[in-house]
Every structure is written in structure tokens, then in C-alpha cells.
Amino acid sequence: MPFILALNSGSSTCKFGVFDQGPGGLAPCLRGRIEMHGEAPRLLSYDPAGAVLSDEPWPRTSAPDLLGWLEMRLPGPIAAVGHRVVHGGPRFCAATLVTEAVLAAVAALAPLAPLHQSQSLAGASALRAARPGLPQVLCFDTAFHAGHDPVVDRFALPRVWEARGLRRYGFHGLSYEYLAGRLAALDPPTAAGRVVAAHLGGGASLCALRDGRSIDTTMGATPLDGLVMATRCGSLDAGAVLYLLREGGLDADGLTDLLYRQSGLLGVSGLSGDMRDLLESREPAAREALDLYVHRAAREMAALAASLGGLDGLVFTAGVGENAPRIRAEICARLGWLGVRLDAAANERGAGRLNAADSAVAVWMIPTDEEVVIARQTAALLDLAE
């Protein structure tokens, strides 16, 4: 019984899912994550129903170590591994088989995703060295947005820079692909219309979907653009960047650290980048950070409604979108002029459809599942699916 391993590597956590290729299609048989916070990494695993199977120290952090740990617990071999990769640039617009040339080309995009790209490629490279015969597939967050009208992705810079690949790409595409499919199953009329999907996690973005396809998004050439995030600033006046370079005494590395790791909710609050901490805090600066987060999210949702020519649906997902009813309520309150009305009780429960009966816009909370999308893309590319 062969299995597919989906790896979703982040800057501090690696989520994974193992999927069985049964006659009815892919089914999850084990999920988990490696938490690499501080000096004591831990591995947690769960069964398909979410029951904890293990919670143990994890001093080993390489992909081959994880593969070996899984193979000791599975009744059959892992036939292939799929990896989430944040940036595919202009070349990689679909899942791609790992080769040395592909790894080198994707590594060259690291300056456009400095917090993420190296994590994904480190796992793929380590597995290629340890298990050279094991098929591996790279699945790109940017690929879902590849069909945009060029006017959506173009910067107002001299054309030579666009020719060199400097344009808007968009991210969180694996999440949006999953949401588009789930919404089509749950609410076909809304899914066929004009929908804004909100992936609100440590990294955050919005995607304008028309009939399940991306037509616009808030992130640009890098995952730094768009909404206020946990530690990332989101959209920032380019003149402010020049000021930080000239007057702030920052070099490129210092600027990268400031904009990616010291800004966002953390920078504005001075307390934390974790939404849970800020929601519990009574400090005025925490409230100010939350107000900015909500303001920017609602403003950008309205902008994407303009790209869509109206709004039929709004979908929340990811850590904040799934677990912070207060943030959902405050964002939706600012969109009342678009006809958004929440059912307060449904929003507090946080399950499924959240809009009131008199809402002109369907509002949903749908937990995302990037790992199953990685597994599907891997199976399809390698012809491992039914």
C-alpha cells in the first residue's frame, strides 16, 4: 500500500500529511507538525479524526529523519513526496518534478521569498541526497495566480524590470485552490460568482475569485506585500523604504529583518505578533495594532470587490481566519455597505456558513488544507492517482 507524503515547511513549523492512494482517491491517514520554536523542537502527530498519536521531542529536523520516522509507523512504503514552495517565479506555473536543474532554478528565486524558499528546498535537497530514487514534486503557491490579466500583475516600472521577472505573483495559492474546491462543494452558486477569500494567518493575503479562478490578489512580487501580518509590514510606500535606507542607517540585511521580522502586529503593538496575545491584552497599543489589521483587511477586501465588479461571497481561513471570531466580526462590520451581515451566533461557533439571513453576501469559514492539495498535485503529476 503506497503513500504520498506532503511537506509544508514554514519558517518555524513544518506541517506534514500522509495520504493513502486508495480506490476512492487520496485519503489522509496521518498528519502532524514539527514545531521548531526555541531550543526544544517537538513532533506532534494526529490520526485523521484529529486525535493525538504522539507528542515527543524532536532533536532531528531533516526531511530524511521524518521520512524514516513515518516509515516505521506506516503499513507500506512512501511512494512520493510533495513539497510546498512559496515562489515559482514566471517559469513554474504548475507542479514540477524535482531535478538538480529545477532545484537550482527555484533556489535562484530565494531573494523574492527570503523567509520561506530555503526551507522548502532544504527538505527536497536532503531527501534527494538520502533517497535519490524517491520521486519528489514541488508545488508552488504562485501557480494558482498564473492566469491573471497582465494589467493586474504589472508594476509601473521600466519594462526592462518586468522582463527580468519583477512583477506581482500572489501567494497562498495552495490554500486558495483548496478553498475554491470546497466552496464549490458547499455552496455552488456562490462559488460560481464573485468571491474574496481571506487567508489570515501569520502570513496573510486575500484572493479575488471568479468562478473559482484567481483574478487578483493582495500580495505582489514577494510575500511581504499587502495586508498587515504577524511580523511583516504589508504594503509600504516605496519612499518610506528609501528613507529607512538613507536616514535609518539600515543596509539590505537590516531592512529585511525590520520589514519581515520586526513589523506588522509585533511592530505596531510592541508586544507580540500573535493575534491571541493581542486579543487578550488590555494595552492600548494592542488595540491599535488590531484596529490597523482590521482596517487594512477590510480596505483591501473592498478593493478586490472592485476588481470583481461586486461581491457574492467572503471566505475566511487559516489561523486567524478560522479561530478569531472577533476579528471576523470587526472586518465584516466595516463591509456592511457591501451588504455583508454576520449571524453573531454562527460566527462565534465558527463553523461553516456565518452570514445572517438578510445578508447580500454569503460568508463562510472553511478550514484550509494545503497538504491535501500538495498530495493531489503530486499524485496527478506522477500519475499515481486512480
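These legends go with a few close-ups of a predicted model. Local features need pLDDT of at least 70 and side-chain atom pairs count only at pLDDT 80 or more, while totals for chains, interfaces and linings use all residues. Numbering starts from 1 along each chain as its sequence is written, and side-chain values use heavy atoms, with hydrogens and water left out.

**View 1. Asn8 and Glu370, the annotated pair.** The UniProt record, an unreviewed entry, puts a "binding site" annotation on Asn8 and Glu370; positions follow the numbering used here, feature names are shortened, and such annotations may be inferred rather than shown by experiment. They span 363 residues in sequence, yet no two of their C-alpha atoms are more than 7.7 Å apart, so they gather at one spot. Asn8 sits in strand S1 (residues 3-9) and Glu370 in helix H16 (residues 370-381); helices (H or I, at least four residues) and strands (E, at least two) are DSSP runs, numbered from the N terminus.

**View 2. What surrounds that pair.** Both residues are buried, Asn8 with a relative accessible area of 3% and Glu370 with 5% (buried is under 20%, exposed over 50%, partly exposed in between; 1.4 Å probe, protein chains only).

**View 3. The buried side of H3.** In H3 (residues 117-130), the buried residues are Gln117, Ser120, Leu121, Gly123, Ala124 and Leu127. Seen down the helix axis, they fall within an arc of 155 degrees, so they line one face; the arc is taken over directions from the axis to the C-beta atoms. Their packing partners include S1 and strand S6 (78-85).

**View 4. A salt-bridge network.** Arg287, Asp291, Arg326 and Glu330 are linked by salt bridges (a side-chain nitrogen of Lys or Arg within 4 Å of a carboxyl oxygen of Asp or Glu). Arg287 and Asp291 get to 2.7 Å, N to O, and sit four residues apart in helix H12 (residues 284-308), about one helical turn. Arg326 and Glu330 reach 3.3 Å, again four residues apart, in helix H14 (residues 325-333).

Notes:
Expected span 1.5 Å × (residues − 1). Contact = heavy atoms within 4.5 Å.
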